[in-house]
Amino acid sequence: MNSRCSQYQGVLEAYADYLPLTPKTPRISLREGGTPLYHLNRFARAMGLPAYVRLYAKYEGANPTGSFKDRGMVVAVAKALEEGATAIMCASTGNTSASAAAYAAACGLRCFVVVPAGKIALGKLAQALTYGAKVIAVDANFDEALRLTKEITSSNPVVLVNSVNPYRLEGQKTAAFEICDTLGLVPDYLAIPVGNAGNITAYWKGFKEYHAKGKIRHLPRMLGFQAAGAAPIVRGHPIESPQTVATAIRIGNPAGWKGAVQARDESGGTIEAVTDEEILNCWETLAKTEGVFSEPASCASLAGVVKLARDGYFEAAKVKRIDDPVRNGEPVLTVVAVLTGNGLKDPGLAMERAPSPVTVPADRNAIEREMGLR
Ligand code: AN7
């Protein structure tokens, strides 16, 4: 962790003024944050979005462990170190465990993770194990794993680093800052997948803080999307056996439920469900039209935007504009979708859905035939 170099220094350095740091907080970093914002023009046209919707993606898969979790984990682990901790623990659908394991390894902490057996994407499990965490699989879903983990950490000298740890949200809110800083304006809409509902809560906190400091002139509307088989907030009650191909958001009783509802209601947004088919369609189209490989759960945000656009949701907003950019004299709506994780997290699903490569003899003619050249 070299401090005398010109490379980007990570979240603690970039947004120190907005984080609960003291002179005693170690300035750790894996260079998390500083992720790309892509203009998804080809995807938007392919999915038939109206021309007045300007769609961007905040690609959080570019973080050091391949998901947005690193932004919050760096703060949670820095504070744990400051408080003298020697071990951290989380329950996880995969990405939190990969991130916790990485920061623990980088800082010499022990790391314990509890995961639902058989429901973790291969890449995430490979990460947690290789970074050296103790991985404990239980025959239960995420919600039960989190309940057990809270119980254990409340009576042992092990720091809980799920997003119920408030430092996690402090770090994750920096993505909202980055979006405003990069665009030079606040988006009209922020679309985001909702699982345990920590991230939507963190983004809303971030936007509100930037607004309070006069950095942005208005607030975005928050659009949260759950998978149809794991949509407790949409249905209005916990889901006992949540099911979805998007294992990252296979969560039936989100810890951040209240925060998500608050973000939705204060911002005048909505939280809706998208089907696995809608998610996978966007996941494949995104890769094929933009060269962006994200994990399926991430694409709940895009699937939600596509669905709302088809329902005419953005039509009404078009007329309510005040100080926003125009194109050809027409108002433009800026929509940012958060792509929370990297496509390499779930190679199993990708290979299941992709055509198998063809095998031919090592012969020029045979290869040219496959290329359609003869
Ligand atoms: C790619 O890793 O809950 O609504 O244990 O991995 O803040 O929970 C992951 C969640 C979206 C949902 N996209 O975020 C975990 C875990 C991806 C994710 C979410 C997760 P929250």
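Predicted model: local features only at pLDDT ≥ 70, side-chain atom pairs only at ≥ 80, totals over all residues.
This note sets out, point by point, the surroundings of the ligand and the cavity in the structure.

1. Residues around the ligand. The shell around the ligand holds 20 residues. Asn95, Thr96, Asn196, Ala197 and Thr340 are the closest of them. By class, the shell comprises eleven polar, seven nonpolar and two charged residues.

2. A polar backbone atom of Thr96 lies 2.7 Å from an oxygen atom of the ligand. For Asn196, a polar backbone atom is likewise placed 2.7 Å from a ligand oxygen atom. Gly198 contributes a backbone N or O atom at 3.2 Å from an oxygen atom of the ligand.

3. Cover of the ligand. On its own, the ligand has 470 Å² of accessible area, and the protein covers 99% of that area.

4. The cavity. One cavity of 30 Å³ or more is found when the whole structure is searched. The volume of the largest cavity is about 320 Å³. Its lining consists of 27 residues, and those closest to the centre of the cavity are Phe68, Lys69, Gly195, Asn196 and Ala248.

5. The residues that line the largest cavity divide into 14 polar, ten nonpolar and three charged.

6. Contribution of the helices. Helix H4 (95-107) and helix H9 (198-212) each provide at least two residues of the shell around the ligand. For the lining of the largest cavity, at least two residues each come from H4, helix H7 (166-172) and H9. H9 gives the most to this lining, with three residues.

Note on methods. Residues numbered from 1 in each chain as written. Heavy atoms only, no water. Near = heavy atom within 4 Å. Polar contact = N/O pair within 3.5 Å; in protein donor to acceptor, adjacent residues only side chain to side chain. Areas by Shrake-Rupley, 256 points an atom, 1.4 Å probe, with all protein chains shown as cover. Helix = DSSP H or I, 4+ residues; strand = E, 2+ residues; numbered from the N terminus. Nonpolar A, V, L, I, M, F, W, Y, C, P; charged D, E, K, R; others polar. 1 Å grid on protein atoms, 1.4 Å probe; cavity = no way out; pocket = protein on both sides within 12 Å on 5 of 7 lines; lining within 4 Å. Points joined across faces, edges and corners; volume = space filled by probe spheres on them.
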